[in-house]
Protein chains: 4
Amino acid sequence: MQNKSENVELLDKPQSNCGVVGIHGSAEAAKLAYFSLYALQHRGQESAGVVSSDGNRLYRHAGMGLVSDVFADPNLPEKLPGTIAIGHNRYSTTGATRLSNAQPLLVKSKDGLMAISHNGNFVNARAIRQDLEKQGAIFQTTSDTEVVLHLLARSKYPNMLERLREATTILKGAFSLVVMTRDAIYASRDPHGFRPMCLGKKRKTNIVVSESCALDLLDAKYLRDVEPGEIVVLDKDGMHSHPLEERPQRHACIFEFVYFSRPDSRIFHENVDRARRRLGKNLALEDDFDDTDADIVISVPDSSNTAAVGYSRRSGIKFELGLIRNHYIGRTFIQPGQGQRDFKTRVKFNTVKGVLKGRKVVVVDDSIVRGTTLRQLIGMIRKAGAKEVHVRISSPPITSPCYYGMDFPTKDELIANQMSIDEIRAYIGADSLRYLSVDGLLKAVPHEHGGYCTACFSGKYPILPEKIKSKYDLEN
Amino acid sequence: MQNKSENVELLDKPQSNCGVVGIHGSAEAAKLAYFSLYALQHRGQESAGVVSSDGNRLYRHAGMGLVSDVFADPNLPEKLPGTIAIGHNRYSTTGATRLSNAQPLLVKSKDGLMAISHNGNFVNARAIRQDLEKQGAIFQTTSDTEVVLHLLARSKYPNMLERLREATTILKGAFSLVVMTRDAIYASRDPHGFRPMCLGKKRKTNIVVSESCALDLLDAKYLRDVEPGEIVVLDKDGMHSHPLEERPQRHACIFEFVYFSRPDSRIFHENVDRARRRLGKNLALEDDFDDTDADIVISVPDSSNTAAVGYSRRSGIKFELGLIRNHYIGRTFIQPGQGQRDFKTRVKFNTVKGVLKGRKVVVVDDSIVRGTTLRQLIGMIRKAGAKEVHVRISSPPITSPCYYGMDFPTKDELIANQMSIDEIRAYIGADSLRYLSVDGLLKAVPHEHGGYCTACFSGKYPILPEKIKSKYDLEN
Amino acid sequence: MQNKSENVELLDKPQSNCGVVGIHGSAEAAKLAYFSLYALQHRGQESAGVVSSDGNRLYRHAGMGLVSDVFADPNLPEKLPGTIAIGHNRYSTTGATRLSNAQPLLVKSKDGLMAISHNGNFVNARAIRQDLEKQGAIFQTTSDTEVVLHLLARSKYPNMLERLREATTILKGAFSLVVMTRDAIYASRDPHGFRPMCLGKKRKTNIVVSESCALDLLDAKYLRDVEPGEIVVLDKDGMHSHPLEERPQRHACIFEFVYFSRPDSRIFHENVDRARRRLGKNLALEDDFDDTDADIVISVPDSSNTAAVGYSRRSGIKFELGLIRNHYIGRTFIQPGQGQRDFKTRVKFNTVKGVLKGRKVVVVDDSIVRGTTLRQLIGMIRKAGAKEVHVRISSPPITSPCYYGMDFPTKDELIANQMSIDEIRAYIGADSLRYLSVDGLLKAVPHEHGGYCTACFSGKYPILPEKIKSKYDLEN
Amino acid sequence: MQNKSENVELLDKPQSNCGVVGIHGSAEAAKLAYFSLYALQHRGQESAGVVSSDGNRLYRHAGMGLVSDVFADPNLPEKLPGTIAIGHNRYSTTGATRLSNAQPLLVKSKDGLMAISHNGNFVNARAIRQDLEKQGAIFQTTSDTEVVLHLLARSKYPNMLERLREATTILKGAFSLVVMTRDAIYASRDPHGFRPMCLGKKRKTNIVVSESCALDLLDAKYLRDVEPGEIVVLDKDGMHSHPLEERPQRHACIFEFVYFSRPDSRIFHENVDRARRRLGKNLALEDDFDDTDADIVISVPDSSNTAAVGYSRRSGIKFELGLIRNHYIGRTFIQPGQGQRDFKTRVKFNTVKGVLKGRKVVVVDDSIVRGTTLRQLIGMIRKAGAKEVHVRISSPPITSPCYYGMDFPTKDELIANQMSIDEIRAYIGADSLRYLSVDGLLKAVPHEHGGYCTACFSGKYPILPEKIKSKYDLEN
């Protein structure tokens with residue numbers, strides 16, 4: 001009898017990095033930050049935290065687990081006083097050592113206390129880190145985020161805005177950062193604009209969040225995106241924009257539309273739901289399937305629901321609810337003993353036999369990483385009596401790693417990197433398999449505000465990590 | 001700043017009572033019971049528990065919270081040894097005093113230890129309880145279930161089967177019971193068959209569960225329902241049926257099809273999904289709406305998804321995903337301060353603006369109890385830009401309390417008991433409102449295996465609580 | 001590497017059963033009960049609990065662990081409202097099954113809610129329990145205390161006082177009981193008066209507690225003992241005595257003076273400290289040792305301190321602090337790997353080398369049960385350089401089990417039952433060993449208020465368990 | 001009803017800073033470190049932690065609370081693998097901000113991971129910290145200890161020994177440091193030797209600990225003190241001494257003998273117990289009291305026991321146990337409502353009436369800080385019937401703050417700084433009050449190995465904090 005607990009969230013999907021939030025000018029700042037983290041929970045379930053400021057001191061609470069676990073104490077808002085707060089939830093990356101990585105980080109420098117929340121990934125963090133270490137800096141976390149704090153603390157510039165501009169010029173890669181001092185919040189998005197971040201307002205409270213769905217929960221008004229390369233300062237005088245002088249070339253992460261962001265969010269100047277619907281439509285357009293070839297379209301809930309509806313609409317094949325997802329399972333469970341490999345999948349999904357039995361089924365999923373979960377789902381769908389199972393993926397094959405904040409398995413574990421499409425089809429046990437083309441992907445999203453990073457599908461990297469040298473290093 | 005924690009599960013729906021499970025003949029009996037509770041989590045989120053037997057002693061673990069919380073310890077299976085186990089999860093009813101109500105209950109009587117799990121409600125429990133108290137019995141819980149144990153312990157019959165038959169003859173009302181001794185499990189369903197319960201098998205392991213979806217998770221075979229009035233004994237020689245001699249008249253709870261059961265379960269000889277689909281279709285048939293009157297149909301996820309798909313299919317109005325449900329919220333959250341009444345609804349649901357804006361929307365919901373949540377949802381849908389909002393309910397107005405295991409508010413709080421349909425429409429802020437008729441409801445479910453209880457919609461009670469005298473009382 | 005946690009409290013001493021408290025007439029009743037449990041913590045460390053009454057409902061909080069663990073929540077008093085409260089802390093006896101035994105027990109009977117706290121042991125509980133079970137009663141705990149509640153609930157008498165009198169007539173053995181209803185507390189001590197219990201007063205608040213040290217902590221006045229066979233009712237009109245009609249023959253547990261009670265308590269009409277001092281003096285008087293035979297007297301702290309001071313005073317041998325006790329160890333610790341048997345002793349005690357080196361040492365201990373801890377202590381004392389080690393025990397050899405509430409190991413494990421005194425001396429590694437005589441023991445305590453039970457030393461049992469038949473049984 | 005929880009440990013005593021331990025060369029290194037922390041628990045109860053190394057990675061576990069709380073998980077040793085470990089427990093100093101201060105600290109620098117445990121206080125830490133911050137360093141804790149890590153990381157020296165020598169030359173004040181890298185431990189004691197630290201050995205395992213009592217618990221052999229100014233390296237080749245070139249002038253903290261260290265430890269080349277006994281003897285010698293002036297001597301347990309025995313021996317007045325200490329109280333308790341100021345004292349101590357009643361009592365205590373606890377104790381002793389109460393303090397009046405690791409209240413709160421001795425006597429309510437003289441204090445301790453710091457009594461500071469400039473600062 002083997003009783004290992006397994007994390008049920010670790011399904012076969014890329015992992016997002018984090019959600020960030022900053023609240024300025026509310027008597028309930030910490031509470032609003034905490035509510036925002038609820039709305040951003042899908043961006044990271046490993047840890048959550050809030051740092052608040054009463055204009056004098058900074059107060060921190062952070063811990064491992066879901067927002068509801070970390071902030072279970074109803075007295076918590078009293079413990080995080082003040083009118084300014086930032087928050088963070090994160091998804092884990094494997095940390096070799098036991099240095100604590102929960103954010104926001106809170107440190108003391110010559111100018112006093114400062115805290116930071118970060119979503120993204122710096123491609124030259126390791127190089128800068130080594131430079132800093134050579135100069136005697138010490139690191140208490142394994143997270144790249146700490147590098148930012150070191151750069152801010154070492155900067156010769158007299159004020160935080162210039163320091164942050166300097167730091168974000170030295171750092172290359174993807175970042176949506178929220179930095180807090182005693183009296184202000186600095187929101188900074190990288191010049192490529194990989195990760196989303198937007199501004200909102202509720203009466204006199206100014207807000208910055210990763211996705212607009214958090215503004216909805218706060219009943220706040222969505223104002224606009226923080227633009228690529230822009231720093232926005234939230235202080236007692238309001239919000240102040242400090243754009244990059246040179247015009248940045250945007251490379252928004254297109255996978256945010258495919259999977260990461262919540263469908264009710266607006267990112268990169270578009271509603272996620274609308275883009276995701278078009279992914280499904282374009283998938284149907286590229287396909288040769290219609291209602292004479294299949295009886296029903298089902299989605300892998302909940303992430304593929306919208307694309308499946310889009311596919312159904314365009315193909316004319318009826319949309320059905322053939323898989324039920326169990327939302328009560330918590331974060332870990334005890335494994336059954338007898339090597340039932342698909343148990344993890346079955347505890348999360350069940351088939352609706354009345355819907356599937358005797359049917360030719362199109363299954364729409366948003367992406368395939370290793371293929372293990374999909375293979376098990378198809379087995380379950382067949383067992384429920386489906387006559388045929390045709391898989392349609394609303395994005396292209398993932399063949400290349402992401403250096404900008406998505407957490408894939410290694411290249412060798414990416415199934416599309418190891419097998420042909422027909423081999424994948426055979427592995428997952430489908431009667432047919434089609435992916436959306438990169439072209440179909442790009443047609444689903446708006447282009448008037450800038451371009452997209454498609455590196456995971458195309459291998460075309462906006463910033464090549466290996467070419468990057470540490471600017472900081474050169475300067476010294 | 002008010003920081004009260006509120007239970008977010010307490011949305012405006014009737015509450016189911018419980019899920020039960022019994023496992024006989026597996027080296028992993030407690031584990032299988034625990035997995036079954038996962039699958040039955042929708043039937044009760046307040047507490048969970050398992051009692052196991054190694055043929056000699058009985059072992060109990062139970063606690064407040066979700067199955068994943070109560071059974072978080074990976075060593076738990078070792079603490080619940082043996083090849084027999086029963087389990088339970090329950091929904092709370094308000095208990096005036098602090099007697100512990102978590103099940104399974106475990107007690108010692110003259111014949112040794114016995115444990116019990118119960119789904120349902122006895123209409124004459126209070127009368128029997130008073131009789132027992134008069135005779136000197138003491139009660140350690142406020143739950144009706146303890147009454148069963150007293151009746152079993154006091155019975156003059158020499159064996160458990162006859163005792164259980166006697167007890168279930170004295171007790172009137174709804175029950176799906178699982179009783180465990182050192183070496184056997186006794187599954188008993190009331191003669192009216194109000195609540196579901198079915199049998200399954202996995203190799204040499206015999207299983208009884210509230211709903212068949214638990215068998216799917218265990219990868220076990222569904223055999224058949226435990227029939228109304230039947231007692232099934234699971235022991236080392238297999239499963240033994242002991243039907244009621246007189247033919248019982250079935251009154252299966254039709255609300256199980258409307259809302260309680262999981263769509264992937266088979267209850268009362270029918271797949272829930274199929275019945276629920278027909279509810280939506282019949283709702284459309286009774287309606288005068290088609291795609292010229294409305295642009296889209298959306299459901300209140302997840303419980304109304306299937307009915308909404310059925311409505312869409314028959315009305316020809318497109319099915320869309322206009323509301324997103326947040327599944328990460330945990331069981332409690334800290335309330336915002338400024339009297340935002342709809343916060344509890346907003347933390348659970350968000351609107352998809354791109355879908356709703358400028359549209360005439362049909363919202364399908366399965367039922368209305370107080371109407372508060374629906375009123376807030378409609379406000380949110382309008383705020384997202386919907387042009388018109390038409391509400392369609394896939395069951396008739398709830399006008400009467402349930403004495404058989406559903407937990408409604410009091411009669412005065414049932415909106416359909418206090419207002420006309422047009423007044424309800426005005427209260428929830430809809431442009432139009434229609435309910436399914438009782439006739440349309442009954443047409444959606446099969447009748448060859450017996451009738452249904454429709455008391456909450458029709459006021460026609462199969463057993464009138466006030467008329468029932470305690471048979472036990474008369475005998476003494 | 002073996003990491004088993006071991007309970008460090010389980011030193012080689014008999015275990016007391018419990019402490020009880022009742023508070024009537026204070027706006028802070030639950031708090032005062034909780035403080036009393038602090039003062040009575042030495043009587044039981046396994047669980048703690050309080051039940052309060054606001055005159056209408058009863059409220060319960062109980063849990064495993066020390067008082068400070070169970071009542072860690074500062075909001076707890078608000079959760080236990082009312083002006084009446086009873087409390088309990090208990091020492092574990094091994095429970096075969098997982099029925100919950102934390103007290104006070106709270107049940108509902110025909111006359112409403114009642115709660116009970118119990119210190120002692122009924123010798124005929126099993127027989128009565130079987131009678132009750134034959135009549136159909138069910139038991140939810142393995143504790144004898146539940147039997148009292150059944151007897152109270154079944155009684156034909158109309159009021160609680162008569163019922164309690166009846167129940168305590170049926171029950172034989174040792175008990176200091178506190179029973180609570182909505183509006184009153186009933187304190188009852190068995191006719192033999194085995195266990196202590198006394199009354200106190202603080203302004204308008206009436207109090208009953210196991211030992212007077214709890215009154216000191218409450219800053220309350222000690223009034224008098226609850227007498228053997230007496231029931232005292234605490235209600236809104238004050239305290240009312242209901243003595244037994246026939247004069248009871250007292251058999252107070254003399255081991256309360258030897259070890260159980262706190263030295264600052266007054267029990268059985270005597271200060272524990274004074275009696276314990278005389279035990280040490282009498283031990284010296286019976287001995288042939290003086291300051292030419294030994295250099296120093298040390299105690300095994302803290303329980304033997306007082307007797308050691310008494311011994312020192314009479315023998316003329318200097319009292320020294322040769323053993324230091326570590327009070328921070330908590331309830332469990334992880335064992336070292338390499339079979340260091342004496343680690344559990346070393347984590348609790350350390351030797352003071354400067355005191356012991358080169359000295360002839362008299363070690364005073366209050367009792368020997370298995371002898372394992374003392375053997376290890378003597379090894380440590382020798383290792384610290386003691387020239388000779390002479391052990392003096394301030395009570396006679398324990399040869400017989402206790403049926404009245406002390407928790408010994410089985411008879412076979414009692415070292416004095418298996419070995420001669422010289423064999424014990426050899427086993428523990430002492431140069432000489434002497435016990436106090438039964439005569440010397442009895443001379444140390446007052447006799448004007450009644451006799452003592454010395455069964456564990458003498459085998460003379462005031463009530464022979466095997467002879468007792470259940471009066472209740474006969475009556476029916 | 002006010003329910004504030006109060007920390008019961010915060011009695012009116014100076015607070016020690018910390019205990020440290022290092023273990024090299026044991027398969028159970030983390031376990032041995034954890035056991036050592038048990039033995040050193042008296043040096044700090046706020047937090048505990050261990051960092052281990054398997055030669056490759058470092059593993060950390062630390063948390064708030066007692067050692068038994070922080071290390072409750074029996075699987076913990078598996079989570080801290082390796083043959084090298086260091087540990088720490090600390091007493092809190094008030095931290096203005098919420099930066100985490102639990103030790104050992106673990107950081108990554110250019111040379112890899114390193115961890116540190118620290119007992120003591122740097123007088124120039126703030127100056128160095130400001131210098132480091134000016135150069136851009138950031139701090140994640142408010143503890144001085146982090147400064148050491150920064151100095152080590154920034155050092156130009158190629159190896160840890162030289163870096164540590166450099167750092168400890170820059171840093172001024174009191175420190176007993178244990179630094180760990182992947183493969184070695186570096187133990188460093190400041191040139192004044194304020195705080196104790198000693199070396200031990202158990203088979204092939206080399207050990208460094210704050211006090212020798214930890215070696216006893218490990219069954220290890222005490223070798224010798226780490227000498228003032230010495231660095232001892234523990235690595236795979238054994239232990240290597242690196243003394244300071246210039247001969248340091250020792251200023252061992254004499255308060256370690258008075259109160260901090262455990263009586264069974266050997267520090268500064270003397271058994272604590274023996275020195276403490278002489279403090280009591282010298283106190284009696286300076287006094288004019290004998291057995292005609294007082295009936296009994298009692299101590300404030302447990303810290304004053306040894307001095308009281310010494311006083312009793314020399315004065316001829318009988319030693320008695322007049323105060324009982326409750327050791328089960330846990331770390332916090334809920335306060336009673338009605339402003340009972342002495343409740344905190346009463347929950348910790350109770351009087352033994354039989355001992356005190358009608359007696360002239362000498363109370364020996366080791367020190368007076370604010371005087372509040374002693375004032376309450378004297379009130380309790382009088383209430384218990386003492387005829388006269390004479391207070392004798394086994395150290396001189398504390399008039400000056402400590403800059404070397406003791407945590408006093410501010411100068412204004414030191415009662416001996418605000419009142420004359422007779423005023424103190426009146427405030428605490430004693431019939432007479434005498435302190436030991438500084439001369440009597442110094443006569444109680446050995447002088448052949450160096451001198452002592454008596455600053456808190458004499459105001460003579462070995463290092464004047466205000467004169468110290470940061471050497472580091474000068475160099476840059």
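**Briefing**

D:Q140 is buried, because 22 other C-beta atoms lie within 10 Å (buried means 20 or more other C-beta atoms within 10 Å of a residue's own, exposed 12 or fewer, partly exposed in between, with C-beta atoms placed from the backbone). This is a predicted model, in which local features need pLDDT of at least 70 and side-chain atom pairs count only at pLDDT 80 or more, while totals for chains, interfaces and linings use all residues. Residues are numbered from 1 along each chain as its sequence is written, and chains are lettered from A and ligands numbered from 1 in the order in which they are written.

**Two residues**
- The loop between α4 (125–134) and α5 (145–154) of chain D holds D:Q140 (helices, H or I, at least four residues, and strands, E, at least two, are DSSP runs numbered from the N terminus).
- B:G63, in strand β4 (residues 58–64) of chain B, is partly exposed, because 14 other C-beta atoms lie within 10 Å.

**Chains B and C**
- In chain C, 25 residues are in contact with 25 residues of chain B (contact means C-beta atoms, placed from the backbone, within 7 Å).
- On the side of chain C that touches chain B, β4 (58–64), β6 (105–109), α4 (125–134) and α5 (145–154) of chain C each supply at least two residues.

**Core**
- The largest nonpolar core has 617 residues, and A:V208, B:V208, C:V208 and D:V208 touch the most other members (a nonpolar core is a set of buried Ala, Val, Leu, Ile, Met, Phe, Trp, Tyr and Cys residues joined through C-beta atoms within 7 Å).

Technical notes:
Contact = placed C-beta atoms within 7 Å.
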